[in-house]
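Let's walk through this structure together, from its strands to its aromatic rings and a few backbone angles. Keep the viewer open as you read.

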Amino acid sequence: MKVIGKLILCFILSAIFSFTGEAKTKKAKAKAQPVKVACVGNSITYGFLVEDRENNNYPAQLGKMLGEKYQVANFGKGGTTLLKKGHKPYMAQEEFTNALNFVPDIVVIHLGVNDLDPADWPEYGDNFVSDYVALIDSFKSVNPKVRVILANLSPLLASHPRFKSGVMVWRDQVRELIPIIATATGSELIDFGETLRDRPNLLPEAIHPNAEGAGRLAKTVYGAITGDFGGLNLPEIYGDYMVLQRNKPLVINGTDDSGEKVTVTLGGNSASGVTDKHGRWTVTLPPMSAATGLTMTVTDGKKTLEFDNVAIGEVWVASGQSNMEFPLRSTSLFEQDKPLFNDSLLRFFDVKPIADIITTGWTEEQIQLTDDLKYFYPAKWHESTTENAGKFSGVAWYFGKMLRDSLNVPVGIISNSLGGSPAESWVDIETLEHNIPEILVDWYKNDYLQTWVKWRALKNIGEPAENERLEHRHPYEPSYLFSAAIRPLEAYPIAGAIWYQGESNDHNVEVHERLFPLLVDSWRANWNDPELPFIFVQLSTMNRDSWPKFRNSQRELAEAIPGVSMAVSMDWGDSLDIHPKNKRPIGERLGRQALNRVYGMKKVTPQGPTILKAEKTGANTIILTFDYAEGLTTSDGKSPRTFEVAQYEGAYQPVESVEILNDNTLKLVVPSSLNPRYVRYGWQPYTRANLVNSDGLPTSTFKIDVK
């Protein structure tokens, strides 16, 4: 019996060990099973038009990124719709059946682009939500634990032939629905539209991304699946010597791996936030008063970033074209003003381009960097010193110095101008798509852009061959500079913006009248501040026939757009040089507008005499009434000049008798037979207009109806 007992015991132990071994083997095999990822979609997922499609479609690139622990399968089918009643429903295709049989652990769905067809969306768009939910439920039926990731639509560009006929509106409607579907079904949401938003060059025929574009989609999905976004990082704008905006909640943005807790500490204040599934985190510190010598630390417990000599004060963006870019060292008062340059609390984040616009024929490296939205060198914050102030923007430096002296707080200027740049290059692509989409189509040859602008751009990057499309990007391309110089600021808190631009839009006043409000709205939306102060410089005077009309249009825009004001510069113009050398009065006039309108210093006169009305008071007299006209006089002590009147538009004649009556009125004496209906002033390309107030601030070019 003892022997039998021992045999039974051995058998039981053997069975236990065998069972345990099998369990471990099964567990090991289970662990070794790769996570199955199904990429569901249309031709964009399939990889239509992608070079070497098998290796470069986005699911293939995703598989390489994820590695051997994942099995990625491409179930894209060209031309398919999400809508069941669409012209080619995805759920009726073999690829859909194969995707279900794959029994994925993760399914990434990108559908909806083909549903924008006029035969589909107007008829069946109401079924989009229910059909999408049915698709998601199909995958949950084969794997109740499936992880569903919905990709919002990738871009469909303005060059698409049906963009204006309905596709743009329907695209926006679909993009609004997909986040709702994600929330309702408990799915995750990523955005292929945001991924490729600023990279139209990666969509060579308006819809399908090339291999590089597919790689960007793959990276977006990789981040969503793994939560790996490269660890803790902040935008380039954060650095030693930076100035942060005072008296406003300090919104600090950055990236990190998903789920990481990020803590920001500054001047005794500390706040934390958690990185979302898109790798983004936001921390808001309470408003702070002006301060210097602070240290800001940002940490997620694994990595710590530290920024020294941080100041709290006033932050402004200074942008535009060459007259804003014009360096202090080239101004007429540079040597005279050198004793002012050492100011440790006047600081610049000075962005410089990698390639000179004037240079004909950029290198391949410069062209490639520009294609990649890397047209500007990485920048750092610098204090103003005698050694480095000369390279800063002259207008921006004098503006910043006036704020420094008047407010007695640190001032930081983010300077990112570019010579010759047109206004449209500084407006975001979404705004242009919704308002002037045709400006984006064949920009290098359409009539919206100034001839010189297009010519200069093609001299830099090369002209396309006949019947070929332009392969490369240029900073003058509509929306480019917003993408490369404004969006990267990540809504870094600012007090306002100063702007000096217009020379590259003077050929078409009417288009500029549409563009300028869009530019202001675009920037205000970027900073999530609908009242962001925006102060600009009116064009100066030069022998260009369109400039009087353009100057008057700018005056009207400043009066029409809330929170926008203008500094007049025409008394410092040059008849032959588009770059007047004395930038001090221009910077200070911008400063006056800021001090009065933004900082409430009402004793500071913001501008020169501003026309309010023109009234006929007798057979041959017209009374003009002005605002900001205390001490109304002339700059040279002579009679006011350059006034003209007309009974019919286009038939103006000069007014010989002009008399200043008091601080805000002026009398014109005209022939009694004329019966004038219009008065205009300073309406010469290079004008010698001389009406000023007691602060020496000039009156703008204007045209006004006679009442």
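Two strands count as paired if DSSP finds at least two bridges between them. With that in mind, look at Ala38, which stands opposite Val107 in strand 3. Please remember throughout that this is a predicted model.

Strand 1 covers residues 35-41 and strand 3 covers residues 106-110; the two run parallel and are joined by five bridges. They belong to an open sheet of five strands, paired in parallel, with the order 2-1-3-4-5. Which strands stand at the edges? They are strand 2 (70-76) and strand 5 (188-191); each has a single partner strand, so one side of each is left without a neighbour in the sheet. If you look from strand to strand, neighbours in this sheet are turned against each other by 20 degrees on average, with direction ignored. Helix 4, made of residues 58-66, packs on the sheet and touches strand 1, strand 2 and strand 3. The direction of helix 4 makes about 175 degrees with that of strand 2.

Strand 24 (residues 657-660) and strand 25 (residues 665-669) run antiparallel and are joined by four bridges. Together they form a hairpin, with four residues between the two strands. Within this pairing, Val658 stands opposite Leu668 in strand 25.

Next come the aromatic rings. A pair of aromatic rings is described by the distance of the centres and the angle of the planes. A search of the whole structure finds 30 aromatic pairs. One of them joins Trp121 and Phe128, with 5.5 Å from centre to centre and 65 degrees between the planes, an edge-to-face pair. Are these two residues buried or exposed? Trp121 has 7% relative accessibility and therefore counts as buried, and Phe128, at 0%, counts as buried too.

Another edge-to-face pair is formed by Phe626 and Phe702, whose centres are 6.2 Å apart and whose planes make 70 degrees. This pair links distant parts of the chain: Phe626 is in strand 20 (residues 621-627) and Phe702 is in strand 28 (residues 702-705), 76 residues apart. Both Phe626 and Phe702 are buried. Elsewhere, ring pairs link Trp426, Trp499, Phe516, Trp523, Trp527, Phe534 and Phe536 into a cluster.

Lys36 lies over the face of Phe102, at 5.2 Å from the ring centre. In the case of Lys583, the charged end sits over the ring of Phe326, 5.0 Å from its centre.

Finally, turn to the backbone. Most residues other than glycine have a negative phi. Where does Tyr241 lie? Tyr241 is in the loop between helix 10 (211-226) and strand 6 (243-245), and its phi is near 70 degrees, a positive value in a residue other than glycine. Because its relative accessibility is 34%, Tyr241 counts as partly exposed. Tyr628 also has a positive phi, near 50 degrees. You will find Tyr628 in the loop between strand 20 and strand 21 (633-634), and at 27% relative accessibility Tyr628 counts as partly exposed.

Methods: Residues numbered from 1 in each chain as written. Predicted model: local features only at pLDDT ≥ 70, side-chain atom pairs only at ≥ 80, totals over all residues. Heavy atoms only, no water. Axes fitted to C-alpha atoms, helices over the stretch in contact; angles between N-to-C directions. Contact = heavy atoms within 4.5 Å. Phe/Tyr/Trp six-rings, centres within 6.5 Å; stacked < 30°, edge-to-face > 60°. Buried < 20%, exposed > 50% of the residue type's maximum accessible area, 1.4 Å probe, protein only. Lys NZ or Arg CZ within 6 Å of the ring centre and 35° of its normal.
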